[in-house]
Amino acid sequence: MRIALVPRPEPSRLAGALSPLVAVVATLLIGFALFTALGKDPWQAFHVFFVKPVDSRYGVGELLQKAAPLMLCAIGLAAGYRANVWNIGAEGQLTMGAIAGGGVALAFHDSASPLLLPAMVVAGAAGGMAWAAIPAFLRTRFNANEILVSLMLVYIATFTLSLLVHGPWRDPEGFNFPQSKMFEPVALLPNLLPETRLNVGFLVALAAVAAGWVFMSKSLVGFQMRVAGLAPAAANYAGISARRTIWLGMLIGGACAGIAGIGEAAGPVGQLLPSISPGYGFAAIIVAFVGRLHPLGILLASLLMSLLYLGGESAQMGLALPSAVTGLFQGTLLFFLLAADVFINYRLRIARAPARGK
Amino acid sequence: MDVFAEVLLLTLAAGTPLVYAALGELVTEKSGVLNLGVEGMMLVGAVTAFAVASQSGNPWLGVAAGIGAGAALSLVFGVLTLSLMANQVATGLALSLFGVGLSAFMGLEYVSVVIEGIKPLAVEALAGSPALGKLLLGHNPLVYLSLVLFAAIQWFLYRTRAGLVLRAIGESPQSAHAIGYPVVRIRYLAVVFGGACSGLAGAYLAVAYTPLWVEGMTAGRGWIALALVVFATWRPWRVLAGAYLFGGVTLATFQAQAGGVAVPSQLLSMLPYLATIVVLAVISRDATTIRLNAPASLGRPFHAEG
């Protein structure tokens, strides 16, 4: 008996829709095996990991609150990925957004103006865009690989933030801790749901996902970017500017990540710290893929990924498991998704007789 | 002269992980496969090497385990991209993210563990010897091994028939397949070789260079190695030169920090990443050179019909 992969005449939509589910189930099975191997009761572990974090009002608030930056970053990345623009530096753009927006908050620390918060968000978006503009410029002007440049910029952004909170932006009354002053209430995102930490950032993220849907599915530019991703030669022939596609793909990703960054600083964190995100920018890459680069998929995938973050924290407290298990699950999920995706373009053919040739 | 020898010695030591990782990736890319998972494989190689070295007390056993771990991870990448035709960029990213998570998970018990690492050759015997002797004989055994690896790869790629086949597959897998070469099998070998080298690079960091395990200890070296392959326009000797150049930059930042230069340490720490971006832009500026030197099928999946 021989199993072979045969190309499908056209991609299967069913396989495309099912593969995230297959990947989730396979990841859960791996989790089951892992918990058992670590000597934990797997059912109890699952409870601690996936149910306990969200069995309260506060927990649901946390779930949505953590999903917001993931959603924002992922929708921005998806716009680029669809056009074959590989921005993997959302983490750095997020950090720059926090720096730019947080800088506004600190510069106008005594201001009580209602315009302060909008100004911070605009500055955050601008900071993320500026950071994303570097790989876009180097790619369009010098042909430099945007994957590597955007990734290198993550390190530089992190060091910049560290430099600022250790130096000029350090709170003079902060007992020498590397942290900025706490933002004033007027510079914090208003709460959305009492007794939780959920803030209006979640609504902003939802709006971004909706805007992303309109842009990608309904606008001409979005269509052109998709063509550029699917068939670069055809796009070129049709007069779609590759340069503009790269710029747009990077800038949209940068703006979304930057807003996510200031959303963290002006949201759950409330100040600037040396590390502003637990890897949301990288996890968003997984969210974008698991969500099939589609807004609705991204919405669901960001909730799942947020649950993985919460589960990791809960497992650390409830099961004495390291929270690094979150990263492990995130990677496993993406692996299974990529493996299951083979059935979008290929189908299995099982031949009974040994085939001749190879 | 003594100072000069010392600097050269340290530069080689700092550049060696990049030599291993970039040479391995070079071979993988020559076969037409782009594996962006170097950082992840290095980290898992590092933590595995450290764990085995600490459990067994034998750092060499750790190195072997690190190589095995890198190879095993790259095999996962191979199955996904070569057998299941997954997108190489996405799979490589997945491998890096997975490696970061897996290594952090595996390494928790080893965070402040001290081990006896692999030491440079006969340091005591050479103390007070002429600088030249030190320069020739004072390195870590793994540094010498990296030079042997370099020579072997250079010879393999450009002086052997198998190397020619590998390069042919990277240029045109369809033609190579038509002639009858097993494209997928050879790509598997190239991918696993790259993974083993990345694992070795991580092992060197964890059991020879530092020797320590720290979460995320590769600090982007895997990505710099990927950039190095582009800088080197896919030529082994340029990889070597580039790796030592970056070793030198890293070393200079350490020295400046230790020497109390009046510049914030974060600015110095940015230097290697900044240098990578600048060099990448300068080298890539000539799009024709890149296109002519890059393996023509790089990153494209290959599916033999039939």
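Residues are numbered from 1 along each chain as its sequence is written, and chains are lettered from A in the order in which they are written. In this predicted model, local features need pLDDT of at least 70 and side-chain atom pairs count only at pLDDT 80 or more, while totals for chains, interfaces and linings use all residues.

**View 1. Where chain A meets chain B.** Here 39 residues of chain A are in contact with 41 residues of chain B (C-beta atoms, placed from the backbone, within 7 Å). On the chain A side, the elements giving two or more residues are α5 (116-142), α6 (146-166), α11 (280-290) and α13 (325-340); helices are DSSP runs of H or I, at least four residues, numbered from the N terminus.

**View 2. Helix α13(A).** Its 16 residues reach 22 Å from first C-alpha to last, close to the 22 Å expected at 1.5 Å a residue (1.5 Å times one less than the number of residues). Because 16 of the 16 residues of α13(A) are buried, the helix is largely enclosed by the rest of the structure; buried means 20 or more other C-beta atoms within 10 Å of a residue's own.

**View 3. Around Leu73(B).** Leu73(B) sits in helix α3 (residues 59-83) of chain B and is buried, with 28 other C-beta atoms within 10 Å. Beyond its neighbours within four places in sequence, its contacts include Gly37(B), Met41(B) and Leu95(B).

**View 4. Contacts of Ala284(A).** Leaving aside neighbours within four places in sequence, Ala284(A) is in contact with Leu70(A), Cys73(A), Ala74(A), Leu77(A) and Ala90(A).

Key
Two residues are in contact if their C-beta atoms, placed from the backbone, lie within 7 Å. A residue is buried if 20 or more other C-beta atoms lie within 10 Å of its own, exposed if 12 or fewer, and partly exposed in between; C-beta atoms are placed from the backbone.
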